[in-house]
Amino acid sequence: MVRTQEERSHVGELGTKLYHERIKHQLTEDQLGMMLAVDVNSGEYEIGGDYIDLFERLTQRIPDAEIVFLRHGPVTVGYWGGQPEEDDSWIKV
């Protein structure tokens, strides 16, 4: 099924909400930085380091899973190129 941008955004929000409300507190410090595949319909998830492996493991258990991929832990902050013409500070893109 092809989803609109609004529908994809809603699915992403559901996955993030499930992570913060039901999953995050179950994970350990050793799992910080690992990837999660979360089925937004059931709340079931898989955790590991490889998107394809997570996808395969979760869809074996839940064939019609609607999956959102997240990273456990603080959001990694990064900057991508470019400086504003007005000053020397870097901009976040």
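This is a predicted model: local features need pLDDT of at least 70, side-chain atom pairs count only at pLDDT 80 or more; totals for chains, interfaces and linings use all residues.
Some ground rules come before the details. Local features need pLDDT of at least 70 and side-chain atom pairs count only at pLDDT 80 or more, while totals for chains, interfaces and linings use all residues. Residues are numbered from 1 along each chain as its sequence is written, and side-chain values use heavy atoms, with hydrogens and water left out.

The protein has two helices and three strands, in the order α-β-β-α-β along the sequence. Those are DSSP runs numbered from the N terminus: H or I with at least four residues for helices, E with at least two for strands. Of the 93 residues, 30% count as buried, meaning under 20% relative accessible area with a 1.4 Å probe, protein chains only (exposed is over 50%, partly exposed in between).

Strands β1 (residues 35–39) and β2 (residues 45–48) run antiparallel and share four bridges; DSSP has to find at least two for strands to pair. Val-38 has Tyr-45 in β2 as its bridge partner. Five residues sit between the strands of this hairpin, and Gly-43 takes a positive phi near 85°.

Now for the rings, which pair if their centres lie within 6.5 Å (Phe, Tyr and the six-membered ring of Trp; planes under 30 degrees apart are stacked, over 60 edge-to-face, the rest tilted). That rule gives one aromatic pair.

| Residue | Relative accessible area | State |
|---|---|---|
| Tyr-51 | 46% | partly exposed |
| Phe-69 | 33% | partly exposed |
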